[in-house]
Number of protein chains: 2
Amino acid sequence: MLRSRLFFLPRKNAPADAVTASHQLLTRASFFRQGQGAGLWETLPLGKRVLDKLQAIIVSEMDAIEGCQQVEMPSLMTSETWRKTKRWDAIGQEMFRLRDRKDTEMMLAPTHEEAFTELVAGMHGIVSRAHLPIYLYQIGRKFRDELRPRAGLLRAREFIMKDLYTFDESEKKALETYEKVCRAYERIFNERLGCKVLKAAADSGNMGGTYSHEFHFESPVGEDVVIKCDTGSFCANTEVTKLKGGDSCTDLSCSCKGSGKLVETKCIEVGHAFYLGTKYSAPLAARFVPEGDTKPSPLQMGSYGLGVTRIIASIVETSHDSSGIIWPKAIAPFQIVLVGAPGADARLVSETFAALKTKFGSELLFDDRGENVGMSSKLIDAKLIGAPFIVVVRKTGEFEIIERSTQQTSTVKDLSHLGSKLT
Amino acid sequence: MLRSRLFFLPRKNAPADAVTASHQLLTRASFFRQGQGAGLWETLPLGKRVLDKLQAIIVSEMDAIEGCQQVEMPSLMTSETWRKTKRWDAIGQEMFRLRDRKDTEMMLAPTHEEAFTELVAGMHGIVSRAHLPIYLYQIGRKFRDELRPRAGLLRAREFIMKDLYTFDESEKKALETYEKVCRAYERIFNERLGCKVLKAAADSGNMGGTYSHEFHFESPVGEDVVIKCDTGSFCANTEVTKLKGGDSCTDLSCSCKGSGKLVETKCIEVGHAFYLGTKYSAPLAARFVPEGDTKPSPLQMGSYGLGVTRIIASIVETSHDSSGIIWPKAIAPFQIVLVGAPGADARLVSETFAALKTKFGSELLFDDRGENVGMSSKLIDAKLIGAPFIVVVRKTGEFEIIERSTQQTSTVKDLSHLGSKLT
């Protein structure tokens with residue numbers, strides 16, 4: 001990709017209302033832009049590249065769960081199933097509601113428990129045990145009319161979520177499913193993205209159900225407060241524990257066996273797992289006939305969300321420096337930004353571009369602007385974007401590699417050795 | 001993929017309101033299911049596989065247009081820009097309108113001319129000529145409150161579109177862009193999907209602009225009527241020509257030079273190209289300074305839509321038989337369905353599955369149900385799904401290949417020769 005063709009208009013200053021680093025940097029570097037209305041975000045070409053890579057990682061880890069299949073549900077729904085589960089009234093102004101031309105009561109789905117439960121009930125009637133478990137997920141837009149949209153992608157009114165809904169024949173199997181999904185989430189964060197997340201015991205809120213965990217990025221801009229043991233396994237949202245930061249860890253299940261100290265930390269919630277039991281399957285009649293029984297029982301459900309756009313913002317919150325964003329390689333918009341220094345041989349710059357393009361394809365961004373744009377401007381832009389490597393073709397014919405995360409530089413003398421240093 | 005794990009519940013009968021073949025077959029074979037409300041469709045796992053493949057083809061052809069870049073716009077918008085272009089009032093009940101908790105006038109975008117024009121104007125201020133042309137597209141959900149949603153995916157209220165918006169510095173360049181996009185559309189339909197489409201001169205409707213073409217699948221269930229010359233190049237929607245079917249072709253630009261006869265044919269519109277001029281760029285101030293000029297002028301725009309979900313339905317309308325769907329290979333949910341005949345050696349069936357899985361990966365669907373499910377049921381399901389090849393492992397140890405499009409069968413004696421016959 002050539003810099004001159006990329007829809008990329010870096011700015012020195014962030015919008016006046018941008019207080020957090022992710023809001024500032026993602027808008028300054030034109031990854032995202034506020035749309036027509038508060039909390040509505042346009043995903044620009046750089047942001048789209050990050051989003052596509054993150055979604056591909058999530059899809060591959062969801063598909064790796066045996067039987068897990070991807071679908072897409074509509075955003076618009078009538079109120080009918082939501083009245084049956086009593087959430088039409090329980091959820092207040094956070095739901096976008098509208099009426100169609102026939103005056104039908106409708107909504108923009110803020111989550112899809114009702115839709116997936118009705119899908120399973122409607123397709124199967126009584127679900128045959130041979131079809132269980134059923135695991136269905138989607139990645140799509142969700143709508144919540146937040147009172148105070150804030151911090152860019154961290155609290156938006158239209159945003160992208162991955163949501164998985166599971167249907168099992170017993171509580172025991174549903175809890176096995178729960179563990180499987182939590183392990184997939186941990187793989188996504190720890191192994192694929194290389195980000196450290198906390199898994200905290202949590203409240204079920206208006207989802208219902210009895211067992212719930214949140215996945216958090218530790219960050220001072222977070223709105224959740226998590227209490228964790230400094231040496232052991234205990235970790236819980238302050239909403240569900242009476243323990244306090246500074247106390248000794250008295251949680252009986254903690255691996256510290258009482259030796260740890262509790263620490264309070266601010267967090268951004270990026271994922272949530274709910275064991276739902278029969279809260280949705282009972283009113284919406286998603287049922288099966290248990291082994292040895294003759295009459296149908298409601299299925300045991302779970303629901304599992306990942307805030308896709310919020311993960312992007314959280315990564316920027318926790319991975320940036322004063323020059324800009326530092327992307328994990330797995331979701332960087334480009335792996336390499338190539339820049340020619342003033343006085344560098346134009347032919348060598350072209351050759352370098354051709355050689356790296358052959359090896360890295362669309363992962364290479366070439367700053368093809370002429371020498372009327374200063375070297376420092378080109379480096380400022382390259383660092384702002386946050387690609388893992390910046391390659392500078394020097395006047396001497398040597399190549400300088402700047403590793404974005406450490407800002408350390410190294411020199412390569414020969415073009416034929418350059419590619420192998422960039423992974 | 002194992003049949004027993006696939007979220008696939010084939011039905012003998014279509015919903016009572018399903019009149020067209022695509023509505024009947026796509027619901028009977030569980031590719032799509034009606035959601036909560038008329039004209040709202042759930043994309044089930046089989047449909048998602050088709051949709052993903054079609055979207056990947058469209059993305060690759062859009063990205064092949066130099067400078068063309070993908071973005072994602074929100075579905076929700078305030079009314080402000082739509083009031084400036086006068087479409088807030090011009091479009092009536094077809095627009096889903098709502099108010100947020102602060103009583104802001106909002107809508108679900110039925111198309112995104114306003115959003116993209118405002119994006120370009122807002123990001124650039126006055127666009128530098130060095131940045132032109134700007135080509136931005138997205139694939140996403142559109143919302144139109146149709147009076148009579150009908151025929152399944154053919155006329156839905158929430159549906160998937162690819163929409164591209166182009167910004168050029170002159171009418172001449174905008175028309176060159178127009179031709180480029182039309183050629184990309186022809187490649188998508190003719191080369192990638194192997195579908196014959198008509199390109200017809202068309203009306204601009206409420207889009208504005210002065211030059212417009214539609215892309216059509218010929219089909220008796222279509223709602224458009226196109227007049228075309230039986231031997232020449234003339235082709236136009238009846239909305240824009242006074243010529244009538246049965247007449248001699250008197251269109252002066254037609255390649256038949258007066259020798260052709262005009263034919264009327266019913267069509268499904270699947271794509272639309274609009275040269276928009278300055279209808280949106282003038283009121284929304286998307287401007288640049290022309291060469292040799294000092295004051296800014298509005299950019300010359302084009303907008304280009306493809307009805308993604310409608311293309312899927314149109315392909316089924318024009319490619320099916322009494323047994324089910326016949327997918328083009330490029331978007332078939334699976335390339336191969338594997339079935340073991342009654343009495344076939346279980347070990348050979350497993351070996352065949354393993355061998356084909358190695359070669360075809362996730363393109364293979366294995367009907368792993370036991371012999372309690374009859375052979376004819378398995379073949380009925382396999383044909384309904386519409387994969388290009390059905391492979392039956394016979395009792396004799398031979399392999400029967402059924403080519404779905406012709407229903408012709410051939411026999412392969414040796415497993416090692418099977419894979420090469422399936423492309």
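1. In this predicted model, the axes of helix α2 (residues 45-63) of chain A and helix α6 (residues 171-192) of chain A come within 10 Å and cross at roughly 140°, where axes are lines fitted to C-alpha atoms, for helices over the stretch in contact, and angles run from 0 to 180 degrees between N-to-C directions. Helices (H or I, at least four residues) and strands (E, at least two) are DSSP runs, numbered from the N terminus. The two helices α2(A) and α6(A) are therefore oblique to each other; angles under 35 degrees count as roughly parallel, over 145 as roughly antiparallel, 65 to 115 as roughly perpendicular and the rest as oblique. The crossing of α2(A) past α6(A) is right-handed, in the sense that the near helix is turned clockwise from the far one by less than a right angle, anticlockwise being left-handed.

2. On the α2(A) side of this packing stand I57(A), I58(A), E61(A) and M62(A), which meet A184(A), R187(A), I188(A) and R192(A) in α6(A); two residues are in contact if their C-beta atoms, placed from the backbone, lie within 7 Å. The contact of α2(A) with α6(A) comprises 5 nonpolar, no polar and 3 charged residues, with Ala, Val, Leu, Ile, Met, Phe, Trp, Tyr, Cys and Pro counted as nonpolar, Asp, Glu, Lys and Arg as charged, and the others, Gly among them, as polar.

3. A note on conventions: residues are numbered from 1 along each chain as its sequence is written, while chains are lettered from A and ligands numbered from 1 in the order in which they are written. Because the model is predicted, local features need pLDDT of at least 70 and side-chain atom pairs count only at pLDDT 80 or more, whereas totals for chains, interfaces and linings use all residues.

4. As for chain A overall, there are 10 helices and 24 strands, and the C-alpha trace spans about 80 × 65 × 45 Å along its principal axes. Of its 423 residues, 50% count as buried, a residue being buried if 20 or more other C-beta atoms lie within 10 Å of its own, exposed if 12 or fewer, and partly exposed in between, with C-beta atoms placed from the backbone. Among contacts in chain A with a separation of 6 or more, 68% are between residues 24 or more positions apart.

5. An open sheet of 5 strands in chain A has the order β21-β20-β22-β23-β24, with mixed pairing; two strands pair if DSSP finds at least two bridges between them. Its edge strands are β21 (364-366) and β24 (409-412) of chain A, each pairing on one side only, and neighbouring strands are turned by 25° against each other on average, direction ignored. Strand β23 (residues 399-403) of chain A runs antiparallel to β24(A), joined by 4 bridges, and I402(A) has T409(A) in β24(A) as its bridge partner. Helix α8 (residues 346-360) of chain A packs on the sheet, touching β20 (336-340), β21 and β22 (389-393) of chain A, with its direction at about 170° to that of β20(A). Helix α9 (residues 375-385) of chain A also packs on the sheet, touching β20 and β22 of chain A, with its direction at about 180° to that of β20(A).

6. Helix α7 (residues 308-318) of chain A has 10 of its 11 residues buried, so it is largely enclosed by the rest of the structure; among the buried residues are R310(A) and E317(A).

7. Some backbone geometry deserves a check, because most residues other than glycine have a negative phi, and most peptide bonds are trans. A cis peptide bond joins L132(A) and P133(A), with omega about -5°, and P133(A) is found in the loop between β7 (126-127) and β8 of chain A. In chain B, too, a cis peptide bond joins L132(B) and P133(B), with omega about -5°. Q407(A), in the loop between β23 and β24 of chain A, has a positive phi near 60° and is exposed, with 12 other C-beta atoms within 10 Å. S30(B), in the loop between α1 (21-28) and β1 (32-34) of chain B, has a positive phi near 45° and counts as buried, with 21 C-beta neighbours inside 10 Å.
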